[in-house]
Structure formats: C-alpha cells, structure tokens
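Take a look at it, then read on.

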Amino acid sequence: MNQPRRVILLGSTGSIGESTLDVIRHMNQSDGQHFELVGLAAGTRSETLLSQAAEFGVDSIALADPSSLQNDGSVPDSHTLYSGPQSARQLVEAVAREGDLVVAAIVGSAGIDAVLASIDAGCDVALANKETLVAAGSLVMPRARERGIHLLPVDSEHSAIFQCLQGSHGEREIERLVITASGGPFRGKARDTIRKATREQALAHPTWSMGPKITIDSASMMNKALEVIEAHWLFDLPADKIDVIVHPQSIIHGFVEYVDGSVLAQMGPPDMKTPIQYAMTWPERVDGCSRKMNWIELRSLVFEQLDHEAFPPVQQALEVIRKGGTAGAVFNGANEVAVEAFLADDIPFGGIHDLVTEAVESIEVKEIRSLADVEAADTEARAFVRERIVRIMSDSNDISTVGSENG
Ligand code: NAD
Ligand code: MG
C-alpha cells in the first residue's frame with residue numbers, strides 16, 4: 001500500500017471541515033490509511049478543534065480567535081498552537097511539505113493568505129473557500145500554474161464542471177459552462193417580498209445544509225454570483241461563456257455545452273462529501289460515504305431561467321469579471337460585512353444588495369500587483385460598508401426614539 005497522503009485541513013470546525021473529516025474517517029476505516037492529517041486550523045470553537053486533534057492524532061493546530069481557549073481548558077504540551085489572525089498561514093508555513101494536500105475550507109477572504117502559502121509550499125489545494133478566487137484569482141491562478149499546483153474545486157458546481165471538462169482541449173471546444181442554482185428559499189418570490197425576508201427565512205435553505213454565511217449568500221443569490229467569478233478563474237473563461245440556470249432539485253450540479261452540441265452534465269444527490277472526496281482522491285475514484293442516487297424517488301428534473309429582477313447579483317458578477325482588478329475584492333469584502341450585519345439583525349435582507357451595489361459603484365477599481373493590493377481593496381470595502389451600516393442603525397434608532405416619544 002502507498003504511503004498515506006499528508007493533509008492539512010483549514011476551517012476544520014465548519015460545515016465543509018466536518019464533512020472532510022467524515023470523508024477521511026470513512027476512507028481510513030474502509031481499506032487502510034489513505035490520509036494522514038498533519039494540521040488543523042479553525043477560527044473559534046477551540047473545544048471542537050482540540051477534540052478533532054485528539055481523534056486524528058494531530059499535533060499542529062491553529063486558532064484565529066484564541067479567546068475561546070480560556071473556557072475550554074489548556075492545549076496539551078505535545079501540541080504546537082498557532083494563534084491569531086495569521087495562524088492558518090503560519091500553520092501551513094510550518095507544517096506543509098511539497099506534495100501534501102491542503103483542504104481550504106475557511107470562510108471568507110480570511111482564507112486567502114493560507115491558500116497562497118499552500119501553493120508556495122508546493123501543496124495541491126482542494127478549494128472550498130471560493131472568496132479566495134473572487135478576491136484574489138489573478139494572484140492565485142498564475143501562482144498555482146507556475147508552481148504546477150492542482151487547484152481542485154470542492155464547490156459542487158465547479159467539481160461538476162471540472163469533471164465534465166476532463167478530456168476537453170480548451171476554450172475553442174467550449175460553447176459555455178452552466179452552473180445550476182437551487183433557487184434557494186426565495187425562488188419564485190417577488191423582489192419586494194425578498195427584500196423584507198427575516199433571518200430565519202433566509203437561513204432555511206431547501207436542499208443544502210451549510211455554514212451561515214454561504215446559506216445567506218444562497219438566499220440572496222450572491223453565492224451564485226461568487227461562483228460565476230470562481231468559475232471564470234478556475235476554468236479561464238470569459239464572463240459571456242458562463243451561465244446560471246435554476247434547478248430546484250440540486251441533482252445536476254453543473255454542465256458543459258460543447259461547440260458540437262454535446263452537453264456533459266454531472267449529477268448526484270446534494271451532499272458535499274461527494275465533491276470533497278473527489279477533490280481529495282482525484283484523479284482516482286474510490287468507494288465513498290456520501291449519499292447515493294435514488295432513481296425511484298427522483299421523478300423529474302426541472303430547469304428555470306434565473307429571475308434577474310428578483311436576484312440581481314449574478315449580473316453584477318459578470319460586470320465584476322469585466323472590470324477586473326480589485327473589483328472582485330470589493331464585491332466580496334462588501335458582501336461579507338453586509339451578511340454579518342444582516343445576521344446580527346442590524347440591516348434588512350435587501351440592505352445586503354444595496355450596500356454591495358453602493359460599494360462597487362463608489363470604490364475605484366485598481367490593478368492587482370500583490371496581495372497587499374487585494375487586502376487594501378478588501379479593507380476599503382469593509383470600512384465603506386461598516387460606515388454606512390452605522391448610519392443606517394443610527395437613523396433607525398432616531399426613528400424608533402421619535403416613535404416612542406410620540407407614542
Ligand atoms: P462555516 O462557517 O461552517 O465554517 C468556516 C470555518 O472557517 C470554521 O471552521 C471557522 O472556524 C473557520 N474560520 C473562520 N475564520 C477563520 C480564520 N480567520 N482563520 C481560520 N479559520 C477560520 O463555513 P462553510 O459552510 O464550511 O464554508 C466554508 C467555505 O466553503 C466557504 O468559502 C464557502 O463558500 C465554501 N463552500 C461551502 C459549502 C457548504 O456546503 N458548506 C459548499 C460550497 C462551498
Ligand atoms: Mg456551490
């Protein structure tokens with residue numbers, strides 16, 4: 001039997017992180033040890049991180065917010081703990097060896113520098129953290145190509161397209177890529193109704209169980225917008241060759257239309273363990289622990305046009321691709337802050353789109369020459385949106401004060 005492949009898992013306590021551990025558990029138990037976990041990184045939830053480290057015998061761990069450690073007991077002496085906002089990158093720099101696999105499942109632009117460090121260390125990257133490509137695709141893709149690194153998509157739609165592209169000879173053969181969207185909890189609803197949605201309504205995704213940020217992005221269709229930009233970088237195709245179609249059953253995850261009229265689609269039940277495992281075992285396929293298709297239960301596959309009036313972010317994303325430079329970093333950074341504010345009940349659901357639109361329209365797009373340019377654009381977008389949120393909150397407090405004085 002071959003040596004097990006060394007794996008570093010970034011974002012281990014999240015939805016993708018936990019599913020990745022399920023895949024590793026299953027594969028290591030089923031027929032010998034396929035993977036050896038050598039590093040784990042998380043943002044918070046130190047208790048979960050420490051129990052994962054104990055279960056998988058991992059000595060090197062990273063925690064972005066170490067404040068939660070105080071209540072959770074101490075880290076064993078045998079462990080090396082990296083802590084603080086740079087900790088995931090520091091972990092990669094310390095532990096990664098040429099040929100390892102890094103599963104990048106941190107949420108948001110916080111994951112960018114660890115992905116770049118993984119490429120620099122010569123590791124293949126199973127990439128779930130789509131915000132990395134949205135904000136910094138123009139840095140990540142050339143660096144991966146120069147280093148001969150495989151960037152293996154974990155996002156289900158991109159995994160589907162990646163699979164449908166095996167054996168293709170590049171752009172001249174491709175008519176377009178199509179990413180499917182479940183439509184989320186607000187499919188078929190009017191724009192005005194959607195804008196007033198509550199947090200509970202927005203968090204109730206019909207087909208996928210995911211972390212809170214991507215669940216809100218799925219309700220606003222921002223997730224599809226980010227995925228269109230992610231596809232542009234991963235598959236090196238222009239905006240006019242990437243399309244989105246609504247497919248409520250989430251069985252077909254994506255397809256490639258070839259110039260000769262053939263269409264290749266990839267299907268499977270909505271279970272992230274399938275694309276996670278494929279990214280980890282590529283180019284091989286092995287027995288897995290994800291859900292299998294039940295053809296008896298499946299009665300029909302439905303496709304609908306996306307309602308761009310109700311869900312404007314996808315068209316915005318095409319414009320972001322055309323603008324290039326730091327436009328993606330601004331689009332993403334603004335959205336991250338707006339989603340946090342919506343989840344904290346500080347702004348209404350419709351406010352997310354308004355704030356992102358204001359940010360992309362107001363902030364100047366610059367060229368990206370280094371990570372510092374991406375970080376500057378991300379910081380500017382976050383500050384811009386935060387400042388407006390403070391204003392929105394103080395305006396609404398004024399209104400409620402006036403209301404109570406009058407009442
Ligand atoms: P999640 O919120 O469930 O988990 C995020 C993980 O990142 C957690 O472990 C958290 O502790 C960690 N983290 C956050 N900030 C960090 C930091 N600064 N340093 C280190 N770790 C940090 O999110 P998720 O749903 O698992 O999504 C993770 C990524 O995968 C996102 O980019 C998302 O868009 C993408 N993705 C998720 C799914 C899904 O089904 N959940 C599907 C496709 C793509
Ligand atoms: Mg997806």
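Predicted model: local features only at pLDDT ≥ 70, side-chain atom pairs only at ≥ 80, totals over all residues.

## Ground rules

A residue is called buried with under 20% relative accessible area, exposed with over 50%, and partly exposed in between, using a 1.4 Å probe and counting protein chains only.

Residues are numbered from 1 along each chain as its sequence is written, chains are lettered from A and ligands numbered from 1 in the order in which they are written, and side-chain values use heavy atoms, leaving out hydrogens and water.

## Around ligand 1

Let's start with the ligand. A shell of 24 residues surrounds ligand 1, and the closest are Thr13, Ser15, Gly43, Glu131 and Gly211; to be near, a residue needs a heavy atom within 4 Å. The shell splits into 12 nonpolar, nine polar and three charged residues. Here Ala, Val, Leu, Ile, Met, Phe, Trp, Tyr, Cys and Pro count as nonpolar, Asp, Glu, Lys and Arg as charged, and the others, Gly among them, as polar. Helix 1 (15–30), helix 6 (130–147) and helix 10 (212–220) each bring at least two residues to this shell. Helices are DSSP runs of H or I with at least four residues, strands are runs of E with at least two, and both are numbered from the N terminus.

Now for some distances. A polar side-chain atom of Thr13 sits 2.7 Å from an oxygen atom of ligand 1, and a backbone N or O atom of Gly43 is also 2.7 Å from an oxygen atom of the ligand. For Gly11, a polar backbone atom is 3.3 Å from a ligand oxygen. On its own, ligand 1 has 820 Å² of accessible area, and the protein covers 88% of that. Such areas come from the Shrake-Rupley method with a 1.4 Å probe.

## Salt bridges

There are 29 salt bridges in the structure, each one a side-chain nitrogen of Lys or Arg within 4 Å of a carboxyl oxygen of Asp or Glu. Take Lys130 and Glu227, whose closest N and O atoms are 2.9 Å apart. Lys130 belongs to helix 6 and Glu227 to helix 11 (residues 222–235), so this pair ties together parts that are 97 residues apart in sequence. Both ends are tucked away: Lys130 is buried at 4% relative accessible area, and Glu227 is buried at 1%.

Glu257 turns up again here, in a salt bridge with Arg176 (2.8 Å, N to O). Glu257 is in strand 10 (residues 252–258) and Arg176 in strand 8 (residues 174–181), so the two tie together parts 81 residues apart in sequence. Arg176 is partly exposed, with 25% relative accessibility. Another pair is Arg382 and Asp378, with closest N and O atoms 2.8 Å apart. Both lie in helix 16 (residues 371–406), four residues apart, or about one turn of the helix. Arg382 is buried at 13%, and Asp378 is buried at 12%. Salt bridges with shared partners also link Lys130, Asp155, Glu157, Lys224 and Glu227 into one network.

## A greasy spot outside

Which residues form a nonpolar patch on the surface? They are Met267, Trp295, Leu301 and Phe303, with about 380 Å² of accessible area together. Patch members have over 30% relative accessible area and no salt bridge; like charges are joined within 9 Å, and nonpolar side chains (Val, Leu, Ile, Met, Phe, Trp, Tyr) within 5 Å. Trp295 is exposed at 54% and belongs to the loop between helix 12 (273–281) and helix 13 (313–323).

Most residues other than glycine have a negative phi, and most peptide bonds are trans. The bond from Trp282 to Pro283, though, is cis, with omega near 5°. Pro283 is in the loop between helix 12 and helix 13.

Asp236 is not a glycine, yet has a positive phi of about 55°. Its place is the loop between helix 11 and strand 9 (242–246), where Asp236 is exposed at 54% relative accessible area. Asp345, also not a glycine, has a positive phi of about 65°. Asp345 lies in the loop between helix 14 (327–343) and helix 15 (349–362).

Technical notes. Polar contact = N/O pair within 3.5 Å; in protein donor to acceptor, adjacent residues only side chain to side chain.
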